[in-house]
Amino acid sequence: MLASRHVDHANQAPVTLFPAEQCCLTIDRFSLAYAGKSALQELTLQVPRHRVTAFIGPSGCGKSTLLRAINRLHDLNESVSHSGDITLEGHNIHAADMKVTELRRRVGMVFQTPNPFPMSIYENVAFGLRLQKRLAKRQRDDVIEWALTSAALWDEVKDRLHRSAWQLSGGQQQRLVIARTLAVQPDVLLLDEPASALDPISTLKIEELIRNLKSQLTLVLVTHNMQQAARVSDYTAFLQQGELVEYGPTDHVFTNPRLQRTENYITGRMA
Amino acid sequence: MTRTRLSSQPLRHLQDRIATALITAGGIGVLLAVLGIGVFLVWEAAPLLLSEELGSLSMLTPLAWGTLKAALIALLFALPLALGAAAYSAFFMSPRLRSRIKPTLEMMEAIPGVVVGFIAGMVLAPWVERHLASTLVVLLWLPLSAGLAGLLWHLATRRWQRRLPLSWAALWLIPWLIAMFFLALWLTPLAEQALWGGDLRHYLYDAFGLDYVTRNALIVGLAMGFAVIPSVYSLAEDALNEVPRPLMEGAQALGASRWQAVTKVALAAAGPGLFSAVMIGAGRAVGETMIVLMASSNTALLSASPFEGMRTMAAAIAIELPEAAAGGITYRMLVLAALVLFLFTFFVNTLAEVVRQRLRRRYQRMGSGA
Amino acid sequence: MTWLKNAMQQGVWPWLCAGSVAISLLMLGALLALLLTRGLGHFWPAGLDEITLNNGEVVAGEAVREMPLPDQTGSERLYFTGNRDLDDARWRWVAIDTIARQTQPADLLRLERRAWGDFIGYLEAVEVNGERFTGDDAWQQVQQALALPTAQRTHYQLTLRTPQGQTLRQSLATVINVEAPNAMHLGQKLRAWGSEVWQFLSQGPRAANTGGGVWPAIFGTMLMVIVMSVIVTPFGVLAAIYLNEIAHQGPLTRLVRIGVRNLAGVPSIVYGVFGLGVFVYGIGGSLDEWFFDDALPSPTFGTGGLLWASLTLALLTLPVVIVATEEGLARIPEAQREGAVALGATRLEMLTRVVLPMAMPAMLTGVILAVARAAGEVAPLMLVGVAKLAPQMPLDGEFPYLHLERKFMHLGYHLFDTAFHGEDVQAAIPLVYATALLLVLIVLVLNLTAILLRHHLRRQRGSEC
C-alpha cells in the first residue's frame, strides 16, 4: 500500500504526512459544482484516524462544501454535480452498495448554529438510536448517558432530561447536538464552524471537548478562527477558491508555511 | 463502553421509497383533481358551443349584464372605502391602533355571505325603500362630513390638534359620524318635502319613469361592497405598508408634504399591489352568490337602473341548476356560465398574483439599493 | 389658494381616509350589534300589553315595533297576538292614536303550544282527574304539572280565556311552556331566557320554522364539516408535502403553486357545479346503476347528500389547507432537516419525526380556517345536498349508523330558507336572527382560534431564532 501523500501545488511533489494504515478518509481529485459553477477543484487529501484535522480558508473557499460532500448532504440538491472519489475506510462513499443513511450514521455532522429538534433532551439524543435498531429502554438509557457524558453535558442536564432541548443555552445546545451525533457511534465527526455562534466560554468548552473526543473517533473541523485551528487541530488544510493550497501538521502550517499565500492568510488573520 | 456495530435495515429504505412514491402520486393526484375543475367545465359546456343552438346563448346576456352591474356597483362602493382605509392605516394610523384595527377589519371577511345577504334583503332593503332620500344623502354626506371634520381639525389650535391626533382619527370619527348620520336622517325628510314633494320614489317615477324595486341593485351593491371591502383592504394595506420607508422620507426631505408623499410616491410605487387588490375584489364581487340571491329580486333584466333588480350568473346557477335536467340545454348553459366565472376569476387572480410577486421583487431591489 | 391646498392636504384628505376606516368599523359594529340584540333579545320574555281601543275592542299581545303611518301623521304599532286557531291571525297593526287604555296585567299568560303557535290570554281553571282548580291554585297546578313528562300531562285539562272573552279548552299535553312574563322578576326572566336559548340550541324546528330550535341544522353542519375535514386534511397535507418537500422546485412547481393559490379565489358556486356534475351525476349515478339498481329510478347516491356535499366542500377548502401547510413547512429552518438527515434518517423519517410535528400548528390552522370557510358556505350546498327539513338524521342507530347518502340540514341554508321561503316570515324572523348570530359566532370563533394559533406559532418561532 502506498504511503499517504499530499500533492503540493507549488512543487507537485507528494509529501508523506502519516502512514497509509492511519488514513481514515481519502479525498481523491474531488471536484464539485453548483449549477455548473465550480466550487471545488480536483481536491486531493487524506484525513488521519483519531486526529483532529482543520480546514481553514477565507469564506467561500469551499471548506464547508467539502465537509458537506463527505456527508453527501448535496444529494438533496439536484443542481450539484461532482467527480472524483471520497473513500471512508476504504469504501467509496458514492458506491452503489453504500447506503447514504448508513454513511451518514458513520459520518456525524455538527452545524454552525445549534439545531436541536423540538423535543426533550432525552429524545434528541435518542433520535438517531431509534432510527437504527430497537434497543431495550435500559440499554438505550445507558447509551444516552454515555453520549451525554462524552459530550461533557451529562452533569448539567441529568436532572432535566425530559425538558425541552430549546431551553438549553447555545453552548449546551451545541454540545447536545454533538452528544446526539455520538450516540449512533460514528467513525468520523464533521464539525462545521461549531463555535461560531457561541460565546467565548462555551467556545472553550467545545474546543476542550473536541480534543477529548480524539481518542474515540476522527474529527474534521471547519473554522474561520485561526487560533482555534491552532489550539485544537493536529493537521491543517488551507483552502482557497476551491483548491487545496497547503496541507500539513498544524505546527508546520502555522509556524513555517511553505507558501506565501498561506502565510499571508494566517498572519493577516492573526494580526 | 463497547462499540456494537448497528445493522442497517433495508426495510427502512423500502418504506422511504414507497412513502415518497405515495406522496408524489397523492400530491400530483390532488393537484390534478383540483385543476380538473376547469377541464370538467369545458367538457360539459363544449357540446353547447359546438352545436347549432348558439342562438340560445342570448339567454346568458341578461345574466352577464346583471353580474357586471352588481359587481360594478359593489366596487364603486367598496373601492374608495377599502383603498382610503388602507392608505390611512398604512401611513397615518398609530401602530398600536393598527395592530387592533387590521385584524378586526380582516375578520369582516369571515362573516358568511348568507348572513350579509339576510341583513341586506330583510333589514336594509325595506329600510332603504322607506328612506330612499335619506340613504342617498347619507351615502354622500358621511364622507363629506369626515372631510369636514378634517377641515375643522386643520383650523383648530395646536393644543386641540395634539389632543386629537390624526393617528387616532379613525376612533375620533366614530361618534362624529354617528352624530352626522342621525343629523342627516333628521334633516333629509324636511328637504325631501321641499324639493321632491315628500317622496323621492314618486318623484323619480314621475320625472324619469324609474321603477323602484325593494330588493335592487343598490342594495346588492352595498351588501356586496361590505363583503368585498376586507379582502381589498387587506391586500392594499399590505402593498402600501411594504413601500420602502426611505422612498417616502426622500420625498418628504425634498419638501413634499406627507399627503403628497403618499399620493405621488407611495401610490405610484405600490400601484401594481393596489391593482392586484382591486382585481381580487372584482373576482369576489363577480362570484358572490348568496348575497345576490337574497338581496336582489333575481329577475333577469337588461336595465341600467340601480333601483331595479337583476339576476347574476352565480345566482342563476344556484336557482336553476338543481331543476335543470342533466345534459339538457339549460344545464349546459349554466355550466357555461360557471366556466365563464371560473375563467374570469382564475385569470384575474393569476394576473393579481403575478403582479404582486413582481412588485415584491421590485421592493427587494429598492430595499437593497437604499 | 395655497391655504386651501394646505387645508386639503393636511386636514381634509387624511381625515377622509380615516373616515373610511371609521365607516367600515361602524358597518361591522352595526351588523354585529343588530345580530346580537335581535338574536339574543328574541328569547327574553317580553312583557304583554292589553290595550283597549277607542271603539271598545280589546287586543292583547307583545309589542314588536312601531312604524310611521303611511301617508299620515302619527304612527302604528305591530302586536304579536297569537291565538291563530281562534281568530286566524297572529299579527295586528294598531294605530297609536286609537288606543284608549293600555295595561300589563300580571296574570296575562303566554302558552307555547305544539300546534297553532302561541296562545295569549288568561287561565280560568284546571281540571285534574275530575278535580277543578281556579285562581292561584290553578296556576300552582300548572306549574307543577309542567315539570312532569308529556305523557302524564294528559290528565290536565286547561280552560283558557282570550282577552276578547272567548274560552278554549286545551290539554296540557299539547303545551310546551306557560309563562306570565308580566309577573316575572329579573331572576325569573333570566332563567326563562337561558332555558329558551337552550331550547333553541337543542331542539328541532316546529311550526314551519317559526318555533323550536335549530339542533338538526347544527348537527348537520357539524357532521358535514367533520366528514369534510377527514377528507381534506390528509389530501391537503399530502399535496403540500409534495409541493414543498419532494417536487423539483422549478418553474412548473411555481406555476402549480400559483394555480392552487388562485383556486381559493374561484367562486364557491363553481365548485358546486363541479360537485353536481362529477360527484352527484357522474360518480353517484354510476354507483346507483351498479349497486342500488333495485331502488331506481329513485336515486340513492345519484342525488345530493352528505357525502357529496362534504367532498365538494373538501375540494373548495383544499387550497386553504395546502397554502397554510406549505407556509408552515417553508418556515421550518433547513438546519432541522439537515440535522435529521445527518443522523442517518431517511426522508420519510425526517418528515414524520421532525418536520411534520413542527408543522403541526400550521396544519391545524389550515384545517380550522377550512372548517370556518365550510361552515359559512351555502351556495354549493344548494346544488349538492341540503334539505329544508331532513326527515332522517344522517347519523342514527340504524345500520350502518352513518348514512352518507342522506340529505342533511345546514345552518346557513336553514337561515336562507326560513327567511325567504317561510310561510310566516314575520314570525320566523327572530329565529333567523338567532340562527345568523349562531352562524357568525361559530365562524368568528373558528377564525379567532386560527389567528391566535398562528400568532402563537410565530411568536414561538421568533423567540427561538
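This note goes through the model point by point, from confidence to chain contacts, domains, helices and a sheet.

1. **Ground rules.** This is a predicted model, in which local features need pLDDT of at least 70, side-chain atom pairs count only at pLDDT 80 or more, and totals for chains, interfaces and linings use all residues. Residues are numbered from 1 along each chain as its sequence is written, while chains are lettered from A and ligands numbered from 1 in the order in which they are written.

2. **Confidence in chain B.** The mean pLDDT of chain B is 84, and 95% of the residues score at least 70; pLDDT is the predictor's confidence in each residue, from 0 to 100. Helix 9 of chain B has the highest confidence, at 91, and helix 8 (residues 200-208) of chain B the lowest, at a mean of 77. Helices here are DSSP runs of H or I with at least four residues, strands are runs of E with at least two, and both are numbered from the N terminus. Please treat residues 1-8 of chain B separately: their pLDDT stays under 50, and the model has 8 contacts beyond four places in sequence for them.

3. **Chain B against chain C.** Here 81 residues of chain B are in contact with 74 residues of chain C, contact meaning that the C-beta atoms, placed from the backbone, lie within 7 Å. Helix 1 (residues 10-50) of chain B gives the most to the chain B side, with 18 residues. That side has 58 nonpolar, 19 polar and 4 charged residues. In this classification Ala, Val, Leu, Ile, Met, Phe, Trp, Tyr, Cys and Pro are nonpolar, Asp, Glu, Lys and Arg are charged, and the others, Gly among them, are polar.

4. **Chain A against chain C.** This contact takes 21 residues from chain A and 16 residues from chain C. On the chain A side, helix 2 of chain A gives the most, with 4 residues. By class, the chain A side divides into 9 nonpolar, 7 polar and 5 charged.

5. **Domains of chain B.** Chain B is split into domain 1 (1-50) and domain 2 (54-130 + 212-369), with bounds from an automatic or database domain assignment. Their C-alpha centres lie 36 Å apart, and 8 residues of domain 1 are in contact with 7 residues of domain 2.

6. **A helix pair in chain B.** The axes of helix 2 (residues 60-91) and helix 9 (residues 217-241) of chain B come within 6 Å and cross at roughly 35°. Axes are lines fitted to C-alpha atoms, for helices over the stretch in contact, and angles run from 0 to 180 degrees between N-to-C directions. The crossing is right-handed, that is, the near helix is turned clockwise from the far one by less than a right angle. Residues of this contact divide into 26 nonpolar, 4 polar and 2 charged.

7. **The sheet in chain C.** An open antiparallel sheet of 5 strands has the order 4-3-2-1-5; strands pair if DSSP finds at least two bridges between them. Strand 4 (91-95) and strand 5 (99-103) of chain C are at the edges with a single partner strand each, so one side of each has no neighbour in the sheet. Neighbouring strands are turned by 45° against each other on average, direction ignored.

8. Strand 1 (residues 49-53) and strand 2 (residues 58-68) of chain C are joined by 4 bridges, with C:Asp49 opposite C:Gly61. These two strands form a hairpin with 4 residues between them, and C:Gly56 in the turn has a positive phi of about 90°. Between strand 2 and strand 3 of chain C there are 6 bridges, and C:Pro68 has C:Ser75 as its bridge partner. Strand 3 (residues 75-80) and strand 4 of chain C pair over 5 bridges, where C:Glu76 is partnered by C:Ala95.

Definitions and conventions: Two residues are in contact if their C-beta atoms, placed from the backbone, lie within 7 Å.
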